[in-house]
Amino acid sequence: MSDRFELIVVGAGPCGIAVGAAAKRAGVSCVLFDKGCITSSIVGYPYYMTFFSTAVMLEVGGVPFTIPEPKPTRREALAYYRRVVAHWDLDVRQYEEVLDIEGGEGDFTVKTRRADGTDGLYAAAAVVVATGGFQAPNYLDVPGEDLPKVRHYYQEPYPFYDQDVLVVGAGNSAVESALELYRNGARVSLAHFADSIDRGVKPWVVPDIANRLERGEIPVYWRHRVAEIRPSSVALRSEEDGSITEIENDFVLAMTGWRSDHSQLREMGVHIDETTGIPSHDPSTMETDVPGLYIAGVIAAGHNANKIFIENGREHGELIVAALRTRTRPST
Ligand SMILES: Cc1cc2nc3c(=O)[nH]c(=O)nc-3n(C[C@H](O)[C@H](O)[C@H](O)COP(=O)(O)OP(=O)(O)OC[C@H]3O[C@@H](n4cnc5c(N)ncnc54)[C@H](O)[C@@H]3O)c2cc1C
């Protein structure tokens with residue numbers, strides 16, 4: 001065994017970092033592992049995105065997030081979270097994936113694999129899983145989805161100039177990517193199974209997308225689902241009458257959301273609700289039904305990733321550390 005800690009955190013996204021900062025402040029020895037870099041989910045977000053939250057609502061570890069505008073860009077958020085890690089001098093082992101968690105309260109063993117292929121073995125009294133909800137896309141589950149022209153993550157519009165692009169979905173990611181593509185010379189259309197954009201679309205974006213759709217500048221297929229993706233076309237099926245419309249297509253951006261990977265929690269014996277996808281846990285401590293094993297951040301949201309985000313997931317760190325301290329406080 002190479003290392004022993006009071007707390008191991010799996011995942012160094014904003015909510016994992018918040019746990020690390022809370023632990024550091026409380027004097028709890030803690031190490032964080034991330035299979036990528038710190039805040040790797042945000043690194044993979046659309047390059048030019050602006051958060052819907054104000055900077056102050058994204059603060060973690062009591063470190064002020066000061067910018068001239070109310071809402072930060074992706075780049076500002078990346079710089080901020082890097083600063084939090086440095087401020088608290090967090091021990092983050094980047095590019096070290098947690099493969100397995102064994103044992104139980106007071107005596108967990110965490111197995112990792114580093115980027116150079118070597119294995120790590122660590123011990124901890126408690127473990128927090130903060131692996132987020134951006135790991136796997138919600139697949140369309142249609143023939144042709146494995147074609148290289150299909151993307152489930154979008155970063156920037158430039159690869160799509162003068163191309164026929166179908167954006168699937170009508171949430172923030174779909175709407176914002178469609179607008180960026182439209183303004184950067186792609187022939188973009190939108191398909192969605194409902195008959196309007198999602199209610200949660202950022203209010204300041206709504207007039208822009210509404211006008212583009214109304215004027216036919218971005219052709220929209222309401223109440224249509226993708227039936228099949230072919231090398232140079234897409235077949236869309238009407239929800240009304242099942243009829244098929246085939247449109248020319250070079251790229252498909254399936255902006256249909258992402259989901260948490262619960263496999264590690266399941267293997268540890270945590271009960272996952274079949275309907276909601278929520279791992280069984282006490283919301284006042286974030287401890288799962290496996291004693292000593294905690295969850296933090298968006299992984300606690302289950303299938304509805306919009307229920308927990310940075311604004312509220314950042315509070316989990318303090319709850320977890322408070323619970324740990326209560327446990328370890330000697331009785332008088
Ligand atoms: C486009 C977009 C805009 C958003 N805007 C906002 C906003 O304005 N306000 C807001 O509050 N939220 C917003 N969100 C949501 C927010 O970004 C997420 O809720 C947040 O990132 C969740 O933080 P997290 O720490 O729980 O997970 P993540 O940020 O996903 O971090 C999880 C980390 O775990 C790591 N990991 C996974 N598996 C392992 C493993 N086995 N071993 C080691 N490491 C592992 C990953 O590499 C990752 O770095 C937005 C999301 C998107 C997609």
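**Ligand**

I began at Glu-311, where a backbone N or O atom lies 3.1 Å from an oxygen atom of the ligand, a polar contact, that is, a pair of N or O atoms within 3.5 Å (within protein, one must be able to donate a hydrogen and the other to accept it, and residues adjacent in sequence count only if both atoms are side-chain atoms). The protein covers 92% of the 1,000 Å² of accessible area that the ligand has on its own, with areas taken from the Shrake-Rupley method and a 1.4 Å probe, and for residues only the protein chains shown counting as cover.

I noted that this is a predicted model, in which local features need pLDDT of at least 70 and side-chain atom pairs count only at pLDDT 80 or more, while totals for chains, interfaces and linings use all residues. Residues are numbered from 1 along each chain as its sequence is written, and side-chain values use heavy atoms, with hydrogens and water left out.

The shell around the ligand takes at least two residues from each of helix H1 (14–26), helix H2 (40–43), strand E4 (96–104) and helix H7 (310–313); helices (H or I, at least four residues) and strands (E, at least two) are DSSP runs, numbered from the N terminus.

**Sheets**

I found 5 strands in an open, parallel sheet, in the order E8-E15-E9-E10-E11, where two strands pair if DSSP finds at least two bridges between them. Strand E8 (150–151) and strand E11 (220–222) stand at the edges with a single partner strand each, so one side of each has no neighbour in the sheet. E8 is joined to strand E15 (residues 251–254) by 2 bridges, and Val-150 stands opposite Val-252 in E15.

I also found 3 strands in an open, antiparallel sheet, in the order E12-E13-E14. Strand E13 (residues 233–238) is joined to E14 by 5 bridges, and Val-234 has Ile-247 in E14 as its bridge partner.

**Gln-264**

A polar atom of the Gln-264 side chain lies 2.8 Å from the backbone oxygen of Val-98.
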